[in-house]
Amino acid sequence: REILLRAAAQTLPEDVAVTVPLMYPAWDWQSCKRDMIVNYNGQLYRVLNTPTDNRPPDAEGMLAVYRPIDREHAGTADDPIPWVYGMDCHAGKCYRYNGKVYQVAEGGDMIPCTWPPDTPGMWQWEEVQA
């Protein structure tokens, strides 16, 4: 029965998936297939391409294989999205990083985003004053 529930969970939209992370299999690169969702250290990732080696989702160079799924947040200054390396960051949305809130500048979509919000000189990030 657990196998059936886990298989059904793969069909859930991402905004629903993040509410039930334990329904997703723990990351195992040999079991990953394109379009499935896996749980790696409590963070859900969408598998974009079937992996060919054992580097985990958060390893350098793996953004073409795995993309982190955002947890439920509005992306506003009052409800910023926790920033995760490699996530898709969209213009106008707010993200929390190291205790501060940052907004992506208009026209500054970063897909995937490999620059932490506090990266010096990154015009795409603007700190939001509380």
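Asn41 is exposed, at a relative accessible area of 67% (over 50% counts as exposed, under 20% as buried and anything in between as partly exposed, using a 1.4 Å probe and protein chains only). This is a predicted model, in which local features need pLDDT of at least 70 and side-chain atom pairs count only at pLDDT 80 or more, while totals for chains, interfaces and linings use all residues. Residues are numbered from 1 along each chain as its sequence is written, and side-chain values use heavy atoms, with hydrogens and water left out.

Let us stay with Asn41 for a moment. Asn41 sits in the loop between E1 and E2; strands (E, at least two residues) and helices (H or I, at least four) are DSSP runs numbered from the N terminus. The hairpin of E1 and E2 has 2 residues between its strands, and Asn41 takes a positive phi near 55° there. From C-alpha to C-alpha, Asn41 lies 22 Å from Pro117, and the two are 76 residues apart in sequence.

**The E1-E2-E3 sheet**

This open sheet has 3 strands in the order E1-E2-E3, paired antiparallel (two strands pair if DSSP finds at least two bridges between them). E1 and E3 are the edge strands, each pairing on one side only. On average, neighbouring strands of this sheet are turned by 40° against each other, direction ignored; the axes are lines fitted to C-alpha atoms, and angles run from 0 to 180 degrees between N-to-C directions.

E1 (residues 37–40) is joined to E2 by 4 bridges, with Ile37 partnering Arg46 of E2. Another 3 bridges join E2 to E3, where Arg46 has Arg67 as its bridge partner. How many residues of strand E2 (residues 43–47) are buried? The count is 5 of its 5 residues. Gln43, Tyr45 and Val47 point one way from E2, while Leu44 and Arg46 point the other way. In a regular strand, side chains alternate between the two faces of the sheet.

**The E4-E5-E6-E7 sheet**

Here 4 strands form an open sheet in the order E4-E5-E6-E7, with mixed pairing. Strand E4 (81–82) and strand E7 (125–127) each have a single partner strand, so one side of each is left without a neighbour in the sheet. E6 (residues 100–104) and E7 run antiparallel and share 3 bridges; Gln103 is bridged to Glu126 in E7.

**Aromatic pairs**

The structure holds 6 aromatic pairs. Rings of Phe, Tyr and Trp (its six-membered ring) pair if their centres lie within 6.5 Å; planes under 30 degrees apart count as stacked, over 60 as edge-to-face and the rest as tilted. Two of the edge-to-face pairs are given below.

| Pair | Centre distance | Plane angle |
|---|---|---|
| Trp27 and Tyr40 | 5.5 Å | 80° |
| Tyr102 and Trp125 | 6.4 Å | 75° |

Trp27 lies in the loop between H2 and E1 and Tyr40 in strand E1, so their pair ties together parts 13 residues apart in sequence. Trp27 is buried at 19% relative accessibility, and Tyr40 is buried at 17%. Ring pairs also link Trp27, Tyr40 and Tyr45 into a cluster. In the other pair, Tyr102 belongs to strand E6 and Trp125 to strand E7, so parts 23 residues apart in sequence are tied together. Tyr102 is buried at 7% relative accessibility, and Trp125 is buried at 7% as well.
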